[in-house]
Amino acid sequence: YGLEAIIALQVEQGPPMEVMLDRVMAIPEVEAAQVVTGPWDLVVRIRVRDHQHMRTVVFDSIWKIPGFRHSETMVS
């Protein structure tokens, strides 16, 4: 896939971070996920076909993870 994006995520406090990482990494388009400090909790790198595919991954997969709070997507 030719389009790469970085998604910064904020998650609710409660679910263990390991559970959130497992849920994020279960998404096939996710290449990497890292726990970070600062206003974001996770930084996720995805690779998708195009902008519509990216939208589907963000809206239908990432945003539906239990414990998801907020995100910012940056196309690289």
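Keep in mind as you look that the model is predicted.

Let's start inside. The largest nonpolar core has 19 residues. If you want landmarks, look for I7, L9, V24, V44, I46 and I62, the residues with the most contacts inside this core. Which elements give two or more residues to it? They are strand 1 (3–11), helix 1 (17–25), strand 3 (42–48) and helix 2 (51–62). Strand 1 gives the most, with five residues. There is a general idea behind such a picture: in soluble globular proteins, nonpolar side chains tend to be buried together.

Now pick out I62, one of the core residues with the most contacts. Leaving aside its neighbours within four places in sequence, which residues does I62 touch? I62 is in contact with I7, L9, I27, V57 and F68. Two of these names, I7 and L9, are also on the list of residues with the most contacts inside the core.

F68 brings us to the aromatic rings. Ring pairs link F59, W63 and F68 into a cluster, and the structure has two aromatic pairs. In one of them, F59 and W63 have their ring centres 4.5 Å apart and an angle of 40 degrees between the planes, which makes the pair tilted. In the other, W63 and F68 have ring centres 6.0 Å apart; their planes are at 25 degrees, so this pair counts as stacked, because planes under 30 degrees apart are called stacked.

For the last stop, find H53, which sits in helix 2. This residue counts as buried, with a relative accessibility of 7%. Once its neighbours within four places in sequence are set aside, H53 is in contact with Y1, E29 and V48.

Key. Residues numbered from 1 in each chain as written. Predicted model: local features only at pLDDT ≥ 70, side-chain atom pairs only at ≥ 80, totals over all residues. Heavy atoms only, no water. Phe/Tyr/Trp six-rings, centres within 6.5 Å; stacked < 30°, edge-to-face > 60°. Core = buried A, V, L, I, M, F, W, Y, C linked by side-chain atoms within 4.5 Å. Buried < 20%, exposed > 50% of the residue type's maximum accessible area, 1.4 Å probe, protein only. Helix = DSSP H or I, 4+ residues; strand = E, 2+ residues; numbered from the N terminus. Contact = heavy atoms within 4.5 Å.
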